[in-house]
Amino acid sequence: MKFNESKTKENLMRAFAGESQARNRYTIAAEKAHEKNLHVLEEVFKFTAEQEKAHAKVFYEFLTECSGENIEIDGTYPVDISESLEELLGMAEHNENEEHDQVYKEFEQVAKEEGFDDIARAFFMIGRIEKVHADRFGQFKKWLQDNQLFVSDVSTTWMCLNCGHVIDTKSAPETCPVCGEDKGYFVRIKVAPYSC
């Protein structure tokens, strides 16, 4: 099948649009978290937004031979507006699961049927990443719901996202003893980016 006549071409543009919108939704959610001094949630949203940008780039680059054209697509995209970070995390979790469970599996199947194995593989692999995103959002939502974002039942290793200070305790300190930032910067080291 010719790429220009394929359903895969349209699905790539839908995926590019979806990833681009997710990036912006998460950037806006990060601003809400910043306003509430929940910097760990701000960083989770920003970190995920950057990964969505990387996904969008993968899908966009598959469209190189369409450069200079306009691709008409239809689609539905979520409007996730809330003052509640718990709700924003829940909406993000739902959307990421939907991409993993339904959207990218369908796009992968169509790409396979049309003979675009490399594109099918990209949909499969990025779909798996979306499941990681969903699980991460779900975990932070649960900690927020359970009032456990900065408290643990057992001694836990916490890291300040601002300066990197690490401390073992049942709860994050009210302020970082190194840089003075408030507890909103602390995250469990097991979910901190770049920790070993």
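Predicted model: local features only at pLDDT ≥ 70, side-chain atom pairs only at ≥ 80, totals over all residues.
Let's start with the helices. Helix α1 covers residues 7-35, and helix α2 covers residues 39-61. Their axes come within 8 Å and cross at roughly 165°. Angles over 145 degrees count as roughly antiparallel, so α1 and α2 are roughly antiparallel to each other. As for handedness, the crossing of α1 past α2 is left-handed. What sort of residues make up this contact? They split into 14 nonpolar, six polar and seven charged.

Now for the strands. Three of them form an open sheet, laid out in the order β2-β1-β3, with antiparallel pairing. The edges are taken by β2 and β3 (186-188), and each has a single partner strand, so one side of each is left without a neighbour in the sheet. From one strand to the next, the twist averages 45°.

Zooming in on the pairs, strand β1 (residues 151-160) lines up with strand β2 (residues 166-171) in the antiparallel sense, over five bridges. Here M159 has V166 of β2 as its bridge partner. The hairpin of β1 and β2 has five residues between the strands, and G164 in this hairpin takes a positive phi near 95°. On the other pairing, β1 and β3 also run antiparallel, and three bridges join them. Here C160 stands opposite F186 in β3.

Terms used
Residues numbered from 1 in each chain as written. Heavy atoms only, no water. Axes fitted to C-alpha atoms, helices over the stretch in contact; angles between N-to-C directions. Helix = DSSP H or I, 4+ residues; strand = E, 2+ residues; numbered from the N terminus. Parallel < 35°, antiparallel > 145°, perpendicular 65-115°, else oblique. Left-handed = near helix turned anticlockwise from the far one by under 90°. Nonpolar A, V, L, I, M, F, W, Y, C, P; charged D, E, K, R; others polar. Pairing = 2+ DSSP bridges.
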